[in-house]
Amino acid sequence: MIALHSQDYKKVTLGLGLGSFLVFCNLYYFQPLLPYFMVKFNATELQVNWLFSSTTLAIALSLLPWAILSEIIGRRPIMRCSLILIPCINFLMFISADLHTLILLRALLGIALAGFIAVAVAYMAEELEPPAMLIAIGGYISANTLGGIIGRIYGGVMTDAIGIQWTMLVMSILSGIALLIIFPLILKQRHFIGRQGRLLHHVVQIVRHVKNPNLIFAMLIGGLNFSVFINIFSVMGFKLSAAPISLPASLLSLLFLCYLSGTLSAKLSGRWMHAHSLFSGLLLGIGISLVGLIILSQQTMLTIIIGLLVLSAGAFFIHALAYSHIGRSATQGKSTATALYLVMYYSGGSIGGFILIYCWQIGGWWPVLAATSIIYTMMVSLVFALKFVSRSSLNFNKTTLTV
């Protein structure tokens, strides 16, 4: 297997990092442009939200099929297919002329992006030595975050400078160049063993995970968390692009630098788990997020920035704790469990977009705050339910050992 600091390790981690950066750039560069598309297509907030939610929903629906297919043909072919499709779909978006075609193409892009997201970590687990994998995953996640931030800034700045059509063409060209760099860096797998006829096996595992309250409650917490977090940024984009503030897309995209507070809090989540419990951490994250929403309620430029910084810190803290709980608690089928978590995660982002943006469209901020309060109440209930089932499971295991 590939050892830490070896030449192959440097190649593979660079290739996967660049691939991750490219994928998340493509996923998110449309998000700050939703107000721009309202004007371009004379559409409502809810209609243009499909341009972003169709992508996240397509990712959610495609993750498990890609993961299952990779069990048969391998991880590298799936990642290569994903990277090839990205510039092709961007070019089709460049020549598209109407909103509905663009929404369809963004959904196809989501299917393409899901291929890389679904199998990159599995590739690392099979090819890298355990110490190397731990370091590599940290770099991979950092590339996710950086790609999301840079993608949004790219979308806003480039659209203001050259227009959306040329922005999509440039993204297509850059994605094509990037895949030529990435392909030779992701080495052929040496430890992959193809498994034919594994569909039933994966279906059984998925059913087991869904029936396991210790897992499904954490997955639901992750999905509800993302449903609020990602879409509050879209709501603030609609507010700040409208009169009297009327920020251009380039400045709106800079709001996503507030994600950096979440990068810090995600790292601190590991230290929290060493000293405290998962449940107190989840409640702390929810509390921090609620404080961010209360600050946002003041609706000034300064409070919006501070509120988004606080909200990001809380949301990433919750995400890191819930995601790590899945990896620790799944006794079998860990890859299927983590993929199912991401299905819930991206589904939450998509569904939450329609709920919160509909609330914004019909009544402004206060209906949005009411909806998010209900969602956080559901999350608190799930945290206590998760605590209860975890204790019940622990007591059952102790009783079994005693007997």
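This is a predicted model: local features need pLDDT of at least 70, side-chain atom pairs count only at pLDDT 80 or more; totals for chains, interfaces and linings use all residues.
1. Confidence first. The average pLDDT for the protein is 89, and 95% of the residues score at least 70. The stretch to treat separately is residues 396-403, where pLDDT stays under 50. The model has 0 contacts beyond four places in sequence for those residues.

2. On to charge pairs. Searching the whole structure turns up 3 salt bridges. One of them joins the side chains of Arg 190 and Asp 8, at 3.5 Å from N to O. This pair ties together distant parts of the chain: Asp 8 sits in helix H1, Arg 190 is in the loop between H7 and helix H8 (199-211), and 182 residues separate them. Arg 190 is exposed, with 62% relative accessible area, while Asp 8 is partly exposed at 24%.

3. Then there is the group around Arg 75. Glu 71, Arg 75 and Glu 126 are linked in a network of salt bridges. The side chains of Glu 126 and Arg 75 meet at 2.5 Å, N to O, and this pair again links distant parts of the chain, with Glu 126 in helix H5 (residues 99-127) and Arg 75 in helix H4 (residues 75-95), 51 residues apart. Glu 71 and Arg 75 meet at 3.6 Å, N to O.

4. How accessible are the members of that network? Arg 75 is buried, since its relative accessible area of 5% falls under the 20% limit. Glu 71 also counts as buried, at 7%. Glu 126 has a relative accessible area of 17%, so it too is classed as buried.

5. Now the second largest pocket, which has a volume of about 220 Å³. Its lining draws two or more residues from each of helix H1 (7-28), helix H6 (130-162) and helix H7 (164-182). H7 makes the largest contribution, with 7 residues. There are 13 lining residues in total, and Phe 21, Leu 22, Leu 174, Ser 175 and Ala 178 are the ones nearest the centre of the pocket. By type, the lining divides into 12 nonpolar residues, 1 polar and no charged.

6. The structure holds 2 cavities of 30 Å³ or more. The largest cavity has about 50 Å³ of space. Its lining is made up of Gln 31, Pro 32, Pro 35, Phe 233, Ser 234, Gly 237, Leu 252, Leu 255 and Phe 256. Helix H9 (residues 213-241) gives the most to this lining, with 3 residues. The split by type is 6 nonpolar, 3 polar and no charged.

7. The second largest cavity holds about 40 Å³ of space. H9 turns up here too: H9 and helix H13 (301-329) each supply at least two residues of the lining. The residues around this cavity are Asn 225, Phe 226, Phe 229, Ala 315, Phe 316, His 319 and Tyr 345. Of these, 5 are nonpolar, 2 are polar and no charged residue is present.

8. Is Ser 350 buried or exposed? Ser 350 is buried, because its relative accessible area is 1%, under the 20% cut-off. Setting aside neighbours within four places in sequence, Ser 350 is in contact with Ser 53, Thr 56 and Leu 57.

Methods: Residues are numbered from 1 along each chain as its sequence is written. Side-chain values use heavy atoms; hydrogens and water are left out. Buried means under 20% relative accessible area, exposed over 50%, partly exposed in between (1.4 Å probe, protein chains only). Contact means heavy atoms within 4.5 Å. pLDDT is the predictor's confidence in each residue, from 0 to 100. On a 1 Å grid over the protein atoms alone, a cavity is a set of points where a 1.4 Å probe fits but cannot get out, and a pocket is an open set with protein on both sides within 12 Å along at least five of seven lines; lining residues have an atom within 4 Å of a point. Grid points are joined across faces, edges and corners, and a volume is the space filled by probe spheres set on the points. Helices (H or I, at least four residues) and strands (E, at least two) are DSSP runs, numbered from the N terminus. Ala, Val, Leu, Ile, Met, Phe, Trp, Tyr, Cys and Pro count as nonpolar, Asp, Glu, Lys and Arg as charged, and the others, Gly among them, as polar. A salt bridge is a side-chain nitrogen of Lys or Arg within 4 Å of a carboxyl oxygen of Asp or Glu.
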